[in-house]
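Trainee: Please take me through one part of this model closely. Start with a loop residue and its backbone, then move on to the annotated site.

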Amino acid sequence: MANLQDIVYKVSIRSIVGPRDKAITNLQTDSRLAGPGTLFIAVKGTHVDGHQYISAVIEAGAIAIVCEDLPGNLQEGITYIQVEDSAASAGVIAHNFYGQPSEKLRLVGVTGTNGKTTIATLLYKLFSELGYKCGLLSTVQNHIGDRIVAATHTTPDALHLNALLRDMVDEGCTHVFMETSSHAIHQHRVAGLRYTGGIFSNITQDHLDYHKTFDEYIRVKKSFFDSLPSDAFAISNADDKRGAVMLQNTNAKKYFYSLKTLAEFKGRILENNLTGLVMTINDQEVHFRLIGEFNAYNLLAVYGAAICLGQDRNEILRVLSTLSGAEGRFDYVVSPKEKIIGIVDYAHTPDALINVLTTIQKLRKGHEKIITVMGAGGDRDKTKRPLMGAAAAEYSDRVIITSDNPRTEDPEQIIRDVEAGLNTAAKRKYISITDRKEAIRTALNLAGPEDILLIAGKGHEKYQEIKGVKYPFDDKQVLLEFFELLDK
Ligand SMILES: CC(=O)N[C@H]1[C@@H](OP(=O)(O)OP(=O)(O)OC[C@H]2O[C@@H](n3ccc(=O)[nH]c3=O)[C@H](O)[C@@H]2O)O[C@H](CO)[C@@H](O)[C@@H]1O[C@H](C)C(=O)N[C@@H](C)C(=O)N[C@H](CCC(=O)O)C(=O)O
Ligand SMILES: Nc1ncnc2c1ncn2[C@@H]1O[C@H](COP(=O)(O)OP(=O)(O)OP(=O)(O)O)[C@@H](O)[C@H]1O
Ligand SMILES: N[C@H](CCC[C@H](N)C(=O)O)C(=O)O
Ligand SMILES: [Mg+2]
């Protein structure tokens, strides 16, 4: 419960009609969840305009409305607060409603196209091992200390986000590591939060369905760093083409990590194979269990953030060297008899596919075939599909194009969109099989001893969404089942 006047602190208000002194017991942006004592925030979404539900929520018992456009018929006793931007206000209001939890935490946001889950999860594991009670908000799952709360989004909406942060404060968490997706930044899900630090991983093509142009996607990500306060830290990847631009206008203290150029956090890879990485970080040599060059970047980002958060460098490296990565990220299993290597990876962008496949190419001894099973998600960026097909074909010996999460789209059409990226040579080494389980079975049938099977796109996901229905599906489980059959 909170008083309306306190809740609208720092909200940029255009006008208020009705009483200001009221106890709010429920905060909602979804009319279906409104009831007595509710403050309803009407948000203009991508599908509907929340303003159309204002009379319905009042009927359900709502006592205050935050909106951009005042309704024609104002009701007696109801408070109407007109704002410039409802979505941005929702962030600030939720932060106030839940007692400004981010002010009581060291909150670190991770943004970028690939690597967010890995970096945030490694930070969570590192700080937990170092003895802190921590929170994690990630694509795979959310953690409040040891307690797991299922994740619906990479970054939850402002209301759930602040409620989760409140729970973290109440349960004694001191540090919270959160993925901050470009959707979340654009939709102001993170408005009002006080970040202690921000980390940039990289930016390559994804989400052009939503952000329309690459420049707009860059601008949105950059706006996260622009809004960091001067006592925060901002860590960026010096080897990414946009790494410097990201921090151009930030007030935060700037730091860079790099494998190629001078930087505050400088790494050098000495060994890179299937047992892990040996690298120096600021001249200290360490062995890590994570695999591949892209994880060297993730480790540098984590190391940099831990230093900025005041940890001892030897302690950081000691713990980091013991950690494994996040579920479904370069997750690999070996079949007992034939020693076929199965790798489940969440690569769902052209760049992530190139990274994971070139990593595999560098790690193989030479004679092993690389067989890739991949697809692309429905209701998402269509322009990335042919690029993903081309990437998979270029770096694999065989490709099986299959379904990812078709969502509401026709799975066959998505496969055709992926196929469109294949050139004549690539067309000779691919087949398409719509059913994902069949695709994985076929890939295994094609594999000989020690060959490498990459199953890309779904990582940790435990379902497959087809025509709006989520069916249980787990790439790693399917792979393990087939491995068992194979070795019988
Ligand atoms: C495209 C997108 O991001 N959509 C998000 C957005 O929905 P929307 O704008 O379509 O909402 P809408 O349906 O038009 O409704 C507008 C408003 O009316 C309200 N409403 C709606 C119906 C009703 O009966 N009553 C009512 O009050 C809604 O609660 C909402 O406040 O706001 C919703 C509430 O916050 C989100 O759940 C929803 O995420 C959808 C489900 C989604 O799939 N988002 C993905 C793309 C996403 O956000 N992904 C990123 C990760 C991307 C990455 O980096 O890989 C993430 O952070 O997870
Ligand atoms: N630093 C990196 N650079 C490029 N590719 C990476 C990097 N880290 C991980 N990847 C690849 O991208 C995939 C996704 O990694 P991860 O889940 O950590 O990213 P994410 O940014 O959280 O993705 P999402 O946007 O879906 O939340 C991994 O499975 C791996 O193939
Ligand atoms: N956070 C990403 C995940 C994509 C995962 C992939 N399996 C797909 O369904 O496209 C998105 O919502 O675009
Ligand atoms: Mg993620």
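Mentor: Arg407 is partly exposed, because 18 other C-beta atoms lie within 10 Å. The scale is simple: 20 or more other C-beta atoms within 10 Å make a residue buried, 12 or fewer make it exposed, and anything in between is partly exposed, with C-beta atoms placed from the backbone. This is a predicted model, in which local features need pLDDT of at least 70 and side-chain atom pairs pLDDT 80 or more, while totals for chains, interfaces and linings use all residues. Residues are numbered from 1 along each chain as its sequence is written, and chains are lettered from A and ligands numbered from 1 in the order written.

Back to Arg407. Its phi is positive, about 55°, although Arg407 is not a glycine. Most residues other than glycine have a negative phi. Arg407 sits in the loop between strand E22 (398-401) and helix H14 (411-419). Helices (H or I, at least four residues) and strands (E, at least two) are DSSP runs, numbered from the N terminus.

Asp283 also has a positive phi, near 70°. Its loop joins strand E17 (276-281) to strand E18 (284-288). Asp283 counts as exposed, because it has 7 C-beta neighbours inside 10 Å.

Now the annotated site. An unreviewed UniProt entry gives a "binding site" that covers Gly112, Thr113, Asn114, Gly115, Lys116, Thr117 and Thr118. UniProt positions follow the numbering used here, feature names are shortened, and annotations may be inferred rather than shown by experiment.

Take Asn114. This residue lies in the loop between strand E8 (106-111) and helix H4 (116-129). Asn114 is buried, because 24 other C-beta atoms lie within 10 Å. Leaving out residues up to four places away in sequence, Asn114 touches Ser201, Asn202, Thr349, Asp351 and Ala352. Contact means C-beta atoms, placed from the backbone, within 7 Å.

Lys116 belongs to helix H4. It is buried too, because it has 27 C-beta neighbours inside 10 Å. With residues up to four places away in sequence again left out, the contacts of Lys116 include Glu179 and Ser201.

Last, ligand 3. Residues around ligand 3 include Thr139, His348, Arg380, Asp404, Lys458 and Glu461. Near means a C-beta atom, placed from the backbone, within 6 Å of the molecule. The shell has no nonpolar, 6 polar and 4 charged residues. Here Ala, Val, Leu, Ile, Met, Phe, Trp, Tyr, Cys and Pro count as nonpolar, Asp, Glu, Lys and Arg as charged, and the others, Gly among them, as polar.

Technical notes:
Contact = placed C-beta atoms within 7 Å.
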